[in-house]
Amino acid sequence: MPQDPPIPDDPPPFLGTWKRVYAVVLIYLVILILASFLFTRAYR
Amino acid sequence: MRTLDWIVLVTSLVSIILYGLYRARGSNTVDRYLLAGRTMPWYAMALSIMATQASAVTFISTTGQSYVDGMRFVQFYFGLPLAMVILCATVVPVFHRAKVYTAYEYLENRFDGKTRVLASVIFLCQRGLSAGLTIYAPALVLSVILGWPETLTTSMIGAVVVTYTVIGGIKAVTWSDVQQMIVIFVGLIVALVTCVLLMPREVKFTDALYLAGAAGRLNAFTGRFDWNDQFNVWSGLIGGCFLFLSYFGCDQSQVQRYLTGRSIAESRLSLLFNAMAKIPMQFFILFIGAMVFVFHLFVQPPLLFQHAELARIQGRAEFAPVEQRFQKAFDARRAASMALIEARHQGDEASQAAQTDAYRTAQREIDSARADASHLVELAGGEKNFRDTNYIFLSFVTRYLPVGLVGLVIAVIFAATMSASSGEINSLATVTVVDIYRRFWKRGASDHHYVLASRWATLFWGLYAVIFAGYVHRMGALIVAVNRVGSLFYGSLLGCFVLAFFCRRVRGTAAFIGMIAGEAAILATAEFTEVSWLWYNVIGCAVVVAVALAVNASLQEGRDKPAKIA
């Protein structure tokens, strides 16, 4: 098998660090759940 | 299907495949054939991950489920972003740095050969079983809807998938997936817009939402916890998280997608894209089902959407009364729907409440008549516990969509089947060659030899899937059992990877025994309890970890020095 060069752990293209990107994803999840709740309540 | 539909269908599928093969040229080494030379950009991996996960059944069945049961299935995906964040932070960099071809190869680096083999065999069993079903389920529905023989639809899908997967390897699979997802998105948007436009003029979009909500079809959130309820916010967040951790972290059909990334960052971005896009996408698909429901408030649906089964029961004496009840209830529901909209526009709350009651009563009567018709199918020698959910969306498409769009939506179903199936076949071949053949059978052969072996393995698994799909219908109700079997394996695999990543002192023998115990616990839970299958992964994972830790302690293994994580 051919030997590849080491794979670098680059920073994300936005927000500076991966921790911040993960935080954004989790906040987005909370918003989606909240939106689902409000959507369900609005059309129950 | 008219001529224009055929042109749209054939053009879509041929262009997808040719584009995939064009992008896959030069896949002549193992690294390129199985991992695309680790050169894939994040967006291609992201769409390929999405395409592999979303089989045709996702589109056919999800819309039907929303039609009969509302949108609560969307909660199943609430755990996905959590799982993706965990995987990005832990698994993705480790797999990349270990430079493995398969997730199970890493287990040998971390534990030993027998743990790798056990995990590989578990994957081959689970994914092998589902490979046939991935082709069979949509092929069956398409054959019924289009009136084609089942063997023709199965063979068509199988032949196309096997050809481009064998020739182009993972690059062809990934780039075809990208095109397939584009066709899927376009087809679904067109289907929704057309559905809304086909409603009566006096029914505005907000009225459609109101009517869907009044019938409980917009129930995207259930806060009540229930172990036996598959879809609530808690089972979605906890059970769904474990399921997606297993699926995206331990299932080679998904792991292989992001191992093709040119960097750790690209692989992470592909998973995080799915974390953000999957819930809205599922919401959208479910919403289409809810709108098809509203459409059929005004345009009478058939008693059963599976016309072959409907024809089977039409000669029975019990059929006429059921059909009359259905007709009467439909008329009542249509009248109540129109009166409800009228009352809503006028702001007449008393009339709104009265019409809502009438509307819901009529809906219950329709549900009851449909349940009786399904029972008649069973009595007439049809499938036990017959449900026509999978036929609802395609029935709508073929009956009411304009010419040309029918071909597009049928292309969506074919595309979804091919993308899911090609990913499965490709990953099955990879595990067969890398974890079994190269590891235990023929070590140290040339790169060309392993490329050839990979192509043969792909051909083998492709033919196996097609042949298995041909026999699935003879298994009758076992289809359900096989589907359930597919969900029985992930927990023990996940437990093994949790041990690998987070329990550094645990050694191979303890992990091996833990996996067997975890599998036994899942099987016992499935056999002797009513616990929803979403919790199997949680239970299996917990048992693997607990047993492995206990065995490790009793064997006094790994106490001298911690294991090195690659």
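Modeller: One definition to start: helices (H or I, at least four residues) and strands (E, at least two) are DSSP runs, numbered from the N terminus. This is a predicted model, where local features need pLDDT of at least 70 and side-chain atom pairs count only at pLDDT 80 or more, while totals for chains, interfaces and linings use all residues. Residues are numbered from 1 along each chain as its sequence is written, with chains lettered from A and ligands numbered from 1 in the order in which they are written.

Biologist: Okay, where is B:Tyr258?

Modeller: B:Tyr258 is in helix α12 (residues 252-259) of chain B.

Biologist: And is B:Tyr258 buried or exposed?

Modeller: Buried, because 28 other C-beta atoms lie within 10 Å. The cut-offs are 20 or more other C-beta atoms within 10 Å of its own for buried, 12 or fewer for exposed, and partly exposed in between, with C-beta atoms placed from the backbone.

Biologist: What does B:Tyr258 touch?

Modeller: Leaving out residues up to four places away in sequence, B:Tyr258 touches B:Met45, B:Ile49, B:Val92, B:Ser267, B:Ser270 and B:Leu271. Contact here means C-beta atoms, placed from the backbone, within 7 Å.

Biologist: Switching topic: how do α4(B) and α8(B) pack?

Modeller: Helix α4 (residues 56-69) of chain B meets α8(B) at about 55°, with the axes 9 Å apart. Axes are lines fitted to C-alpha atoms, for helices over the stretch in contact, and angles run from 0 to 180 degrees between N-to-C directions.

Biologist: Which residues make that contact?

Modeller: B:Ala56, B:Val57 and B:Ile60 come from α4(B), and B:Ala137, B:Pro138 and B:Val141 from α8(B). They split into 6 nonpolar, no polar and no charged.

Biologist: What about chain A, how many helices and strands?

Modeller: Chain A has 1 helix and 0 strands, and buried residues make up 23% of its 44 residues.

Biologist: How many residues does each chain put into the contact?

Modeller: Chain A gives 23 residues and chain B gives 33. The chain A side divides into 17 nonpolar, 2 polar and 4 charged.

Biologist: Last one: how many residues of α21(B) are buried?

Modeller: 11 of its 13 residues, so it's mostly covered. Those buried residues pack against α7 (103-110), α8 (113-146), α11 (233-250), α22 (508-528) and α23 (536-555) of chain B.

Notes: Contact = placed C-beta atoms within 7 Å. Nonpolar A, V, L, I, M, F, W, Y, C, P; charged D, E, K, R; others polar.
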